[in-house]
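Here's a quick walk through a structure for anyone who likes geometry with the cut-offs spelled out. Have a look at it first.

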Amino acid sequence: MTHFPTPPTLFSFPLSQTISADRPGAVLRLLEAARKNALLYLPGHPQVAQSLHEFHGGLTVILKARPSVHFDVYEDAFFLGDRILLEESLHASGLLEQLMAQRVGSLEFLQGVSLEEAARLVEILVAASGGGPAVGDAVAEANLHYIKTGPPRTQSIDEAKEALIAPRELYRIGLRTMDALNYQAVQGSPLNLRNARLLANSMVKVILQDRNALLGVAALYQHDEDTCHHSVNVAVLSLMLGLRMGLEETMLPALGTAALLHDVGKMRIPRSLLGKSSHLTATEQSVLERHTIHGAALVQHLRGLSQTAMLVALEHHLNYDLSGYPRLLKVEHQHLFTQVVAIGDFFDASTSARRTDRKPLLPDQAVQTIVAGAGTRFEPNLAKLFFHTVGAYPVGSVVRLSSGEIAVVYRTAEGHPLQPPLKMVRDAQGTVIDPVPVDLSQDGRRIAYSIDPIKASIDLAAYL
Ligand SMILES: [Fe+2]
Ligand SMILES: [Fe+2]
């Protein structure tokens with residue numbers, strides 16, 4: 001058995017010092033760090049000892065507040081009770097994968113766990129990944145008193161009771177996940193597909209519970225230019241449309257994953273070209289267009305991913321009438337998922353200042369453009385359905401009423417695309433007022449026109 005030396009006192013353990021007792025999931029990330037270091041370095045290396053001490057320090061903090069902490073490994077994620085630990089599942093994905101592969105269904109730590117037992121667990125994990133005894137058997141055999149593993153759950157977690165992540169937190173986690181995936185694409189290393197799927201899955205669950213919630217958050221970031229915001233926004237819009245068109249719930253995660261990855265090929269295009277503000281030369285344009293081919297190549301060999309993500313990456317700049325690019329593509333029609341993602345993609349790209357040589361459209365103008373492109377650029381039924389999904393004035397639109405007041409669309413119009421729920425934020429004289437809900441169906445007023453929230457100095461975050 002390897003003995004982990006106690007590090008000299010000059011080591012500091014910043015992670016365990018900042019760990020808070022109300023986020024027990026953080027110990028999984030510390031365990032993952034300890035596991036990775038023990039895999040990378042020889043026993044006795046200071047890095048191994050330090051991360052082990054951090055893991056044990058984290059456990060001590062968490063277990064001060066409770067007698068034990070029990071994590072379930074279920075459906076590709078860590079759970080704490082009925083709450084998915086999405087961030088921990090994404091960041092400790094190596095540990096999660098190993099536990100799933102070894103059919104370990106739970107991991108429990110009890111108050112009083114010693115550094116030696118923590119070290120033994122890390123050692124067992126490292127040995128198992130090198131072909132040693134299975135984790136569950138080895139833990140049982142080691143006779144650990146304060147660390148227990150259990151078999152996979154036989155009872156599923158009740159979806160109705162599953163505590164969901166707050167939409168803003170999910171969006172933030174989504175950005176970080178896309179950042180990591182994009183980085184993998186830049187490096188040429190295999191994409192962590194499981195993480196994209198896990199993210200898409202959580203997005204589906206949140207949208208199914210509240211169709212507006214994520215759309216409101218996405219509207220806040222409509223103007224952000226980077227690819228991470230774009231990918232998450234396109235996934236939200238695609239899922240909204242997918243749900244509206246009656247796609248089976250089981251198909252939604254695949255649609256979300258394909259939407260998240262649709263532009264991943266951009267990571268293989270020089271940044272200078274992506275951010276270019278002036279018009280592109282023909283050569284530059286053709287280099288940019290190749291992000292579709294690069295994207296398809298990046299996702300096509302990923303295990304467990306259906307062909308759809310590859311097709312969506314390849315076809316999303318192809319139009320419904322098969323104009324667009326890649327030009328040499330010999331297809332008779334776009335995949336249904338591409339048709340959905342192409343609409344979300346256009347909406348988000350055209351409303352942001354991503355292509356700085358072009359003035360962004362206001363959300364209602366983007367919807368009008370999509371409706372006008374029904375049958376040529378976009379699949380006609382989906383284009384119309386998109387109008388009914390987000391309304392004529394999508395969430396985040398700022399409008400002037402016929403009576404002169406300014407209002408913000410804060411929820412999607414249900415059944416009345418021209419009469420979305422509004423919050424009045426300026427009176428007819430332009431004075432800032434406390435937000436007042438307005439229901440246009442009960443009111444003689446109508447929307448006169450939309451205005452740019454940035455020009456009107458309206459902070460959407462205060463109203464959505
Ligand atoms: Fe694209
Ligand atoms: Fe895109």
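Predicted model: local features only at pLDDT ≥ 70, side-chain atom pairs only at ≥ 80, totals over all residues.

Residues are numbered from 1 along each chain as its sequence is written, chains are lettered from A and ligands numbered from 1 in the order written, and side-chain values use heavy atoms, with hydrogens and water left out.

Let's begin with the metals. Donors here are N, O and S atoms within 2.8 Å of the metal (3.2 Å for Na, K and Ca), and as water is not among the atoms, sites may look incomplete.

Which residues hold the iron ion (ligand 1)? Its protein donors are D263 (OD), H291 (NE2), H316 (NE2) and H317 (NE2), at 2.1 to 2.2 Å. Along the chain, these donors follow the spacing D-x27-H-x24-H-H. D263 sits in the loop between helix 12 and helix 13, while H316 is in the loop between helix 16 (307–315) and helix 17 (336–351), so the pair ties together parts 53 residues apart in sequence.

The iron ion (ligand 2) has H230 (NE2), H262 (NE2), D263 (OD) and D345 (OD) as protein donors, 2.2 to 2.3 Å away. Its sequence spacing reads H-x31-H-D-x81-D. H230 belongs to helix 11 (residues 227–244) and H262 to the loop between helix 12 (252–260) and helix 13 (271–274), so this pair links parts that are 32 residues apart in sequence.

What connects the iron ion (ligand 1) and the iron ion (ligand 2)? D263 bridges them, and the ions lie 3.6 Å apart.

As for geometry, the four donor atoms of the iron ion (ligand 2) subtend angles of 78 to 172 degrees, which makes that arrangement irregular. The site of the iron ion (ligand 1) is irregular too, with angles of 87 to 176 degrees among its four donor atoms. For the labels: four donors are tetrahedral if all angles lie between 85 and 135 degrees; four are square planar and six octahedral if opposite donors are over 155 degrees apart and all others between 65 and 115; anything else is irregular.

**Helix packing**

Now for the helices, which, like strands, are DSSP runs numbered from the N terminus (helices: H or I, at least four residues; strands: E, at least two). Axes are lines fitted to C-alpha atoms, for helices over the stretch in contact, with angles running from 0 to 180 degrees between N-to-C directions.

| Helix pair | Angle | Axis distance |
|---|---|---|
| Helix 11 and helix 17 | about 130 degrees | 8 Å |
| Helix 8 and helix 11 | about 120 degrees | 9 Å |
| Helix 8 and helix 9 | roughly 160 degrees | within 10 Å |

That makes helix 8 roughly antiparallel to helix 9, whereas helix 8 and helix 11 are oblique to each other. Angles under 35 degrees count as roughly parallel, over 145 as roughly antiparallel, 65 to 115 as roughly perpendicular and the rest as oblique.

The crossing of helix 11 and helix 17 is right-handed. Contact (heavy atoms within 4.5 Å) involves, among others, H230, N233 and L237 of helix 11 and D345, F347 and D348 of helix 17. By class, that contact has eight nonpolar, five polar and two charged residues. Here Ala, Val, Leu, Ile, Met, Phe, Trp, Tyr, Cys and Pro count as nonpolar, Asp, Glu, Lys and Arg as charged, and the others, Gly among them, as polar.

Most residues other than glycine have a negative phi, and most peptide bonds are trans. R103, in the loop between helix 5 (93–101) and strand 4 (106–110), has a positive phi near 55 degrees. A cis peptide bond joins Y325 and P326, with omega about 0 degrees. P326 is found in the loop between helix 16 and helix 17.

Notes:
Left-handed = near helix turned anticlockwise from the far one by under 90°.
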